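I opened the structure today and kept short notes. Here is what I looked up, entry by entry.

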Amino acid sequence: MSKLRKVILGIETSCDDTAAAVCINGQIFSNIVADQDVHRQYGGVVPELASRAHLQHIVPVVDQALKTAKVTMDDIDAVAYTQGPGLLGSLLVGSTFARGITLSLSRPLIGVNHLQAHVSAHYIDEPIPPFPFLCLLVSGGHTQIIRVDSHSEMEILGTTLDDAAGEAFDKAAKILGLDYPGGPIIDQHAKAGNALAYKFPDSRVGALDFSFSGLKTAFLYFIKDGRKKDPGFVESNLEDICASLEHTIVSYLLRKLEQAVEETGIKHVGIAGGVSANSLLRSRFTALGKQKGWRTYIPAFEYCTDNAAMIATSGYYQYLSEDFQSLDSVPFARYDN
Ligand code: KG4
Ligand code: ZN
């Protein structure tokens, strides 16, 4: 193998997906994800079950990532793993596994911030946004508007004060009696519904921050009332309910993003994180960009929800700037922001 080739193995175990990917010179050659069905019956992720499932999946998933990319362990130049934020037990599995490989191969270890990695999903496929750009990061745990100045420099301009956008979808789905994770299910039902059938409140919190707790409470009481009047209310109006809720969340996210563009004057704008897989958000974001004269960027579907391609990509740029960790560093980080 040519010395010019830099092979990064990426490992992601922050929540309930065990994922591994191989990045060679900034290009993705494999991206394997094993999700964990075990949580569905509990309506949310059970941390203890998640870490056990990671232990079962990690060896076959890494093996598959290497085979698909047609590389061996010996070809790896560095291992990048998700250092946080995430569930501590889950993070520990990926962290320990990555340390084991780097120790046995004497290669550098790279700790990756999961949120920075979601932003790095923009560096995988063309067109790649030029710096600076704005990124609306919307996932199950975070909702942020980020100004991205380089591969390593970012500033959070706004963040949620309570629930994340993905959580709002998941909690609403639970209220409706739908499976976990609720975001993609609501997305599906919403396609056949009338988005203006019901009106839900969004929050008026200031600046570029977000809040979803008021919407969650209003939605809970709206459904309770509906069921009191008609026990079959949800079943007979599911599409309209999902479409109206989705419309409220997406409009809210885009209104804040529009404000961020106005305030910063930055017109290269991207979306990232699990909720950026939402079909209404994708189409309305693109339409808004066209209307306002922005250049918009949306990662491929498989790089929106949790994956290791984004970890390997982030790891690749950290490798180039020699942002390595020692083996006795803290195995996980909380990254409060
Ligand atoms: O980024 P991600 O995979 O994990 C975290 O880092 O949290 O995001 C997961 C979140 C979940 O809340 C899930 O419901 C939401 O992304 N999600 C969606 C869609 N696909 C995933 N929300 C709305 N519409 C979707 N199509
Ligand atoms: Zn994520």
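Before anything else, I note that helices (H or I, at least four residues) and strands (E, at least two) are DSSP runs, numbered from the N terminus. The model is predicted, so I used local features only at pLDDT of at least 70 and side-chain atom pairs only at pLDDT 80 or more, while totals for chains, interfaces and linings use all residues. Residues are numbered from 1 along each chain as its sequence is written, chains are lettered from A and ligands numbered from 1 in the order in which they are written, and side-chain values use heavy atoms, without hydrogens and water.

**Entry 1: Asn113**

I looked up Asn113 and found it in strand E5. Is Asn113 buried or exposed? Buried means under 20% relative accessible area, exposed over 50%, and partly exposed in between (1.4 Å probe, protein chains only). Asn113 has 14% relative accessibility, so it counts as buried. A polar atom of its side chain lies 2.8 Å from the backbone nitrogen of Leu115.

**Entry 2: the zinc ion**

Which residues coordinate the zinc ion (ligand 2)? I found His114 (NE2), His118 (NE2) and Asp306 (OD), at 2.0 to 2.1 Å. Donors are N, O and S atoms within 2.8 Å of the metal (3.2 Å for Na, K and Ca); water is not among the atoms, so sites may look incomplete. The spacing of the donor residues in sequence is H-x3-H-x187-D. His114 and His118 are both buried. They sit four residues apart in helix H3 (residues 114-120), so about one helical turn separates them.

Next I checked the angles. The four donor atoms subtend 95 to 137° around the zinc ion (ligand 2), so the arrangement is irregular. Four donors count as tetrahedral if all angles lie between 85 and 135 degrees; four count as square planar and six as octahedral if opposite donors are over 155 degrees apart and all others between 65 and 115; anything else is irregular.

**Entry 3: helix H2**

I turned to helix H2 (residues 88-105). Its buried residues include Ser90, Leu91 and Val93. The buried residues of H2 pack against strand E1 (7-12), helix H1 (47-69), strand E4 (78-84) and strand E5 (109-113), where contact means heavy atoms within 4.5 Å. After H2 comes Ser106, with a positive phi near 55°.

Key. A polar contact is a pair of N or O atoms within 3.5 Å; within protein, one must be able to donate a hydrogen and the other to accept it, and residues adjacent in sequence count only if both atoms are side-chain atoms.
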